[in-house]
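Dear colleague,

I am handing over the structure we spoke about, and below it you will find my notes on what was found. Please read them with the structure open beside you.

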Number of protein chains: 6
Amino acid sequence: MPLTDMPLDELRSYRPMITEPEDFDAFWSKTLATARDAATGPAEYHRIEESPLSTVDVYDVRFPGWGGQPVAAWLLLPRGAAAPLPAVITYIGYSGGRGLFHESLLWSAAGYAHLVVDSRGQGHDTPDPDPVPGTQYVGGYMTRGIEDPQHYYYRRLMTDCVRAVEVLRAHPSVDPERVVVSGGSQGGGLALAVAGLAGDAVAAALVDVPFLCHYRRGADTASQGPYPELAQYLSVHKRVDPELVFGTLNYFDGVHFAPRATAPALFSVGLMDPVCPPSTVYAAYNRYAGEKDIRVWQFGDHGGGRGSQPYEQLLWLRERGLAPA
Amino acid sequence: MPLTDMPLDELRSYRPMITEPEDFDAFWSKTLATARDAATGPAEYHRIEESPLSTVDVYDVRFPGWGGQPVAAWLLLPRGAAAPLPAVITYIGYSGGRGLFHESLLWSAAGYAHLVVDSRGQGHDTPDPDPVPGTQYVGGYMTRGIEDPQHYYYRRLMTDCVRAVEVLRAHPSVDPERVVVSGGSQGGGLALAVAGLAGDAVAAALVDVPFLCHYRRGADTASQGPYPELAQYLSVHKRVDPELVFGTLNYFDGVHFAPRATAPALFSVGLMDPVCPPSTVYAAYNRYAGEKDIRVWQFGDHGGGRGSQPYEQLLWLRERGLAPA
Amino acid sequence: MPLTDMPLDELRSYRPMITEPEDFDAFWSKTLATARDAATGPAEYHRIEESPLSTVDVYDVRFPGWGGQPVAAWLLLPRGAAAPLPAVITYIGYSGGRGLFHESLLWSAAGYAHLVVDSRGQGHDTPDPDPVPGTQYVGGYMTRGIEDPQHYYYRRLMTDCVRAVEVLRAHPSVDPERVVVSGGSQGGGLALAVAGLAGDAVAAALVDVPFLCHYRRGADTASQGPYPELAQYLSVHKRVDPELVFGTLNYFDGVHFAPRATAPALFSVGLMDPVCPPSTVYAAYNRYAGEKDIRVWQFGDHGGGRGSQPYEQLLWLRERGLAPA
Amino acid sequence: MPLTDMPLDELRSYRPMITEPEDFDAFWSKTLATARDAATGPAEYHRIEESPLSTVDVYDVRFPGWGGQPVAAWLLLPRGAAAPLPAVITYIGYSGGRGLFHESLLWSAAGYAHLVVDSRGQGHDTPDPDPVPGTQYVGGYMTRGIEDPQHYYYRRLMTDCVRAVEVLRAHPSVDPERVVVSGGSQGGGLALAVAGLAGDAVAAALVDVPFLCHYRRGADTASQGPYPELAQYLSVHKRVDPELVFGTLNYFDGVHFAPRATAPALFSVGLMDPVCPPSTVYAAYNRYAGEKDIRVWQFGDHGGGRGSQPYEQLLWLRERGLAPA
Amino acid sequence: MPLTDMPLDELRSYRPMITEPEDFDAFWSKTLATARDAATGPAEYHRIEESPLSTVDVYDVRFPGWGGQPVAAWLLLPRGAAAPLPAVITYIGYSGGRGLFHESLLWSAAGYAHLVVDSRGQGHDTPDPDPVPGTQYVGGYMTRGIEDPQHYYYRRLMTDCVRAVEVLRAHPSVDPERVVVSGGSQGGGLALAVAGLAGDAVAAALVDVPFLCHYRRGADTASQGPYPELAQYLSVHKRVDPELVFGTLNYFDGVHFAPRATAPALFSVGLMDPVCPPSTVYAAYNRYAGEKDIRVWQFGDHGGGRGSQPYEQLLWLRERGLAPA
Amino acid sequence: MPLTDMPLDELRSYRPMITEPEDFDAFWSKTLATARDAATGPAEYHRIEESPLSTVDVYDVRFPGWGGQPVAAWLLLPRGAAAPLPAVITYIGYSGGRGLFHESLLWSAAGYAHLVVDSRGQGHDTPDPDPVPGTQYVGGYMTRGIEDPQHYYYRRLMTDCVRAVEVLRAHPSVDPERVVVSGGSQGGGLALAVAGLAGDAVAAALVDVPFLCHYRRGADTASQGPYPELAQYLSVHKRVDPELVFGTLNYFDGVHFAPRATAPALFSVGLMDPVCPPSTVYAAYNRYAGEKDIRVWQFGDHGGGRGSQPYEQLLWLRERGLAPA
């Protein structure tokens, strides 16, 4: 597969104009405050007694997310490690969920507390029960409720993700000053959103081949993955003004979260990525306000650096004093 | 494209064993009774005053469907025709909706009252607002609520479709003894379901390249369209027993509606159809209990006979005394 | 599918240099005059007595086109409407024909006389019997006779299309001052050609996602549809000078018809159209000399606005006083 | 690519019933007699003086084929070889023509006279000027005139091919008792047809991965190449009875030419051929009445044995005393 | 994707005849004995001091494989676990290698010693330096040296894999009676080969969607992955007798290793697997001589059960007393 | 297929900066000197007695190439032609070999001595036996030994190709002042390399759609063929610095051979070539130091001008006095 976007030199200086809603901060303040108010109870941690893992303690978690609704997660704690531990939260790519607890063992093996957060509706354990009045969608979750920021799917999911940080910081085994958010593709976009929304609560962000950035460019250039669902939606729903749709998306765009972030961040990008075209990644990266670095996988597709990127992350966190003792 | 399934000779005698739930009739009796009870008000007909059509009167309809929820439809009446008119109800293919009122003008031009029923959730005007507790889905509507017959999407949509017959029969311009159900692909599967559920209320059924028949065979053999969403769902949700899913689908399968139908029916099938493989069509057709005929488009793909099939339908209805005077 | 061509801003100012043959007007004057001379008899209208349509009278038409050869068409007249009626002529997309008379009911339902013109050779009812001396072709009609403007297929088809206007204007039910030409893809290219060739005889032109514009750009950029047949032809027939081929095409290019047109025109374009790349559409649109407007379907493929575009056309014609009373 | 058809064991005994027209022989006798009568002049041989080849003398040939129309060919004679020479006639694959004279040098290098016959309409030098009354076609030549055996394209092309044998046998450099017909794909189907039509005039036939055999099976199973044009035609022209089309094809089917052939023949087949499925080849091969053998390329696609097959042919001809001294 | 092979009922009784070389056992006895003789030194274990993992000790291993050549592996030992530990050896899929040490953490997290064996030539750390006299290959390793069992690539790789068992059993932390072999795709085929070659040295085998079984069927039916390289090789090298190639492969076929195995085995298969068609898996499974079970993923592609299969394996090993205390 | 690269105007002035290694000339001087020293014996010419060709004498050649290893070739001499003859050497495209001796008969038929050189490892008759210490590869030969110029596959193959010139010039039938190198794709890249390395020993170069030019651009833009193997390699072997790989390739790049060439050259390029994008061809062509011309096939894919290009070459050589008398 050849390059899917601009050459690297152009990417490095790519700064498109994308309208920011005037009430962006108000929208999110109110959204998050409402979710916190709806959280009537604490997170619940059920230890998996029958787990065949012996170096890790596994907990099946339910924490109150959007609307106080229970969001599933796995918490993995390295057995016998001395609290408080630094922690990594991982958000998941599009059309999956938290999976099985034995599928993501890196961070706990490295001594971190590790929380794997389910994506409402996309997996099997966290419903997205909200009725969606008056609007419909095509295919996946990308367009669910897209005609109104109040009802857009990612309002709920991003809120869940911010709540996950708040919940984990309160866990007795976790050092609240060393909570890192991470993810690839949709998970990367979510980590970026949380970095922009949760401020100092986040110690660092690991943002791999992020989705959810510069949606218009994604719709215009991506040939695979969920961005084309936007074009499909607007093609099917011809009575819908595209500006309405992109107006909604402006509340959920990584290019607006990036300048609000303060935590250091390590991005990655694949220059042959047909799903999250590099220009959408750089549109956000170039505006990121915290300390930042990016691993450019010149021949990487949407898999980016695959197994090499986590290794880079382990080293990068250690250099910043965020690794376990 | 070559043949996508068995040769025609084998299709004609294809009679696979497919389990029928013991409570099939009870399930549907209760489902339909509940919907009727929920219909607190009458259907509403808003005449489109600004319509640029001059030979047809167009009404934007909302009638109470599943749960009494408003279902959109278009009603087209040939202007100046003398009531009571024979009527055709058309259900729509997967991932669309009733569309625009000027897009389906055949039946009204032929002198029939014509009701085009929206598919909840798939179009723009009929939400499918039910929360779906505890289960999720992939891609489209095929798997929405699939782990429980009570919550499966098609329980709601098929109920809407039966309700449409009941509603239209009560319209003053319509001859209740001459209401025909029709559709292609998903619309064909819905017409077949209604023929099986609504008994004498249906005067005839026009079932083109129907979907929603013999799901297991569809999942095993279709290479395009929505049947593969079943395989995708069971591939992603590996903890779900396939028997659970196919157990749900048994309540919604054309092979079980077919032997309950009494109205005459005209089917069609394309032998090169990769979306609704011919064996799934014949599995239902071979069990159809009413008078029946089938147009075999030997070189047809999922488009079947395209424009030729409606012409066949016009003649076939006329032969049976169902055409306008 | 991503954008298939330049961004919209560039399209709006795209004005490539394309050579116009010096004898362009002479070529066409002589061509049309010859066809008129060859038309020894009048058009024939055979009413379809057995038509199942009741709001429309249908006529199977044969009118003398190129060389006086009989060209098939359907004429649909709204039953009982008071003459003279405004009329719409529709030309057909590549590799089809006029189809069945019940397949195109919009314009008659809206009160217009409607003539659907067959494409010689492409359908079933109008042969293209001319022997083609000394030159050959690949695949479809795109390259038939392409090495000589005198023998090129579109010389004959475009002449048929102009003749259709002249014929319809003489019909007693038709208002000759309100004859509109229309079509999509090839049909759009033909409507544009007729608008350029027939002058005041055309009251308006509806030009959707037009083909037959800026052939060289089409051959260089289209990935689907008939433009690649040009590349295939020149690839197979390597002894043929490309300039010879494009020299022929210069007599049939929408970019040369556009500045000759005087009637108002409503175009459409899909920015994700891989068959008629947007730059080929704008190359003609930007030179169009009559009053003009264009509906830009930013997420449309070669289907453009699908059912929404005809609705736009109905309104646009009404605004210009061209609709039925 | 996996196997495209039955396993080899089944192929070897595959003998489908295919109707032979009662007047098959009369049809062809009359067809050929008419063509011979139309041949008012002799073949013309123009020596290419400027040829850069030094071991071969090249002639640009025009001989009277169907309707006496001039058919192009190349004749290559090994320079200085003593007449009379054995000769090979090569027919060409679909959608090409005789090409350039330097592109096919094997047989002349092996000491044979070699005639490469153009395919009317498909190349650049032999028009197919016949008007085709009342019927049309899709895509290529496969469906040109297909609704009537009198007008079907292959009636004209096969006649040209028989005429080529008669012409070459009369050439002073050629031994009329050692004229071999050959070709691959369409060329193989033509060689088979000529072997069935020309009787003792043919000394041997080299039939590689032949097309034009058991059309119905080809239409039902081939996924690439020209057989799918049959399905496309019958899909577009739905008013045409498939039996009419296959009735025409019965006059041009290798399965009917095969039992009429007397010359020895060497076939080839690729078991992974998606263009000419092996069962269509064996349907003809199993009925071939002359001495016969077949090279089975178990892993060959439509290229069959590629360069290895001609070598097999050289040896096989030598074994039968047909090679040059 | 639909089913890629026979229905399940047929698979369960599929027992094709595949020739076993008379000297099969002698060939392998000699091969393995030679490798053992060549192993002049012990395995080397270099502890990765800088590893960021804290619950696992990681060793970069080199052990003497085929020809005594150094083969790379990772050894992961759960930190602080009491020896002797049960152990799992994992072989790798086609066209990869042992990867990075942090990429495969399941077995060590579950308390097993875990050895991840590199595939010579396919990864980055284990060359396959043997010159291959006189024979060539296409694409990947599948055809390297395929014309002679002595030189075939898998002779060397399978020997490495047997040697890995012998080496690991001698490690002081490992319980030699509880060494399990495992892998998916190529890794599954290798685990099966080792189960057949190493006898009692293997305590159990975990064989997922195995490759390297019934090569002829694979070449005839697989549409993706490495089996088609066989067809490609035999298509390119037409002078090579297919029997020679399949004669070589008979020494390396899972269907011959299976009846020699004695350890219990857990297989898996995906019925929609286009890479290792289910019939090739069942051809081996049905002959497996040890205690056996198979997880059938009815809707699984070549990913089989993905993350669910390892969980099944953990439970299955525990039931057999092979799990850590 | 549309254009695959820049418009022609930009191509004509495309001059990218590509680093030339400082020791480029030294590297090659030493490489060639070493190969010459290793050639302990003369070339061997075995006449094929059983050849069925009668106008050509065929010799199966083995000449000492890289490391003195025997390289296969076919020598075809027009029978009875008077020595000394001008000669053409042909190098072969990727993933093939010299093929069969009867497959390439043009140049001998035109009176030239013709040497067809095998590609080590890619065909069946010339092994590439060198062990490759410490580095691996993916797929084909493109990446074999790519991490070190000393071990890169093309060092050996290009040396073979230079040696072929030296060997042929010493043949008694050949005029050493009229030895032409030629080839398409990989063969074109090799002909260009030899033109740059062999100086006056080459009388002319025929370079068709050459591969092996501006590798970085090829890796970034080619969508088919072997250039993407570079991206695949760097994607799999993420620990390898891309600069290391491109540093190796700088020793083997046509853009560096071009300015060293002195012989006249005829290039070709296809503007719709997805395998060797036109910009990679022009990157070399624009730097070519000898007399030069290029045939631009504006609608050509990787086949370029197909049979037309050799005819151009025959004429072009004749014009330069290099044709046989």
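This is a predicted model: local features need pLDDT of at least 70, side-chain atom pairs count only at pLDDT 80 or more; totals for chains, interfaces and linings use all residues.

The elements that give two or more residues to the side of chain E that touches chain A are helix H3 (106-109) and helix H11 (308-319) of chain E. Of these, H11(E) supplies the largest share of that side, namely five residues. By residue type, the side of chain E that touches chain A divides into 12 nonpolar, eight polar and three charged residues, and the count of salt bridges between chain E and chain A is zero.

As to the extent of this interface, chain E contributes 23 residues to the contact and chain A contributes 23 residues. Between them, chain E and chain A bury about 1,900 Å², of which 63% is on carbon and sulfur atoms. In chain E, the residues that lose the most area to chain A are E:Pro52, E:His102 and E:Tyr311, which together make up 28% of what that side buries.

D:Pro2, D:Gln298 and D:Phe299 supply 58% of the area that chain D buries against chain E, which is more than any other three residues supply. Between chain D and chain E the count is two residue pairs in polar contact, both residues being at pLDDT 80 or more, and the count of salt bridges is zero.

Turning to chain A itself, the UniProt annotation "active site", which comes from an unreviewed entry, covers A:Ser185, A:Asp273 and A:His302. These residues span 118 residues in sequence, yet no two of their C-alpha atoms are more than 10.7 Å apart, so they gather at one spot.

Is A:Asp273 buried or exposed? A:Asp273 is buried, with a relative accessible area of 0%, and its place is in the loop between strand S8 (265-270) and helix H10 (278-285) of chain A. Leaving aside neighbours within four places in sequence, the residues in contact with A:Asp273 include A:Thr4, A:Val209 and A:His302.

A:His302, by comparison, counts as partly exposed at 21% relative accessibility, and lies in the loop between strand S9 (292-297) and helix H11 (308-319) of chain A. The side chain of A:His302 makes a polar contact of 2.7 Å with the side chain of A:Asp273. Not counting residues up to four places away in sequence, A:His302 also touches A:Ser185, among others.

Finally, in chain C, C:Ile18 lies in the loop between helix H1 (8-12) and helix H2 (24-38) and counts as buried at 13% relative accessibility. Among the residues that C:Ile18 touches, not counting those up to four places away in sequence, are C:His214, C:Asp253 and C:Arg287.

With best regards

Terms used: Residues are numbered from 1 along each chain as its sequence is written. Chains are lettered from A and ligands numbered from 1 in the order in which they are written. Side-chain values use heavy atoms; hydrogens and water are left out. UniProt positions are given in the numbering used here, feature names are shortened, and annotations may be inferred rather than shown by experiment. Helices (H or I, at least four residues) and strands (E, at least two) are DSSP runs, numbered from the N terminus. Buried means under 20% relative accessible area, exposed over 50%, partly exposed in between (1.4 Å probe, protein chains only). Contact means heavy atoms within 4.5 Å. A polar contact is a pair of N or O atoms within 3.5 Å; within protein, one must be able to donate a hydrogen and the other to accept it, and residues adjacent in sequence count only if both atoms are side-chain atoms. Buried area is the accessible area (1.4 Å probe) that two parts lose on being put together, summed over both. A salt bridge is a side-chain nitrogen of Lys or Arg within 4 Å of a carboxyl oxygen of Asp or Glu. Ala, Val, Leu, Ile, Met, Phe, Trp, Tyr, Cys and Pro count as nonpolar, Asp, Glu, Lys and Arg as charged, and the others, Gly among them, as polar.
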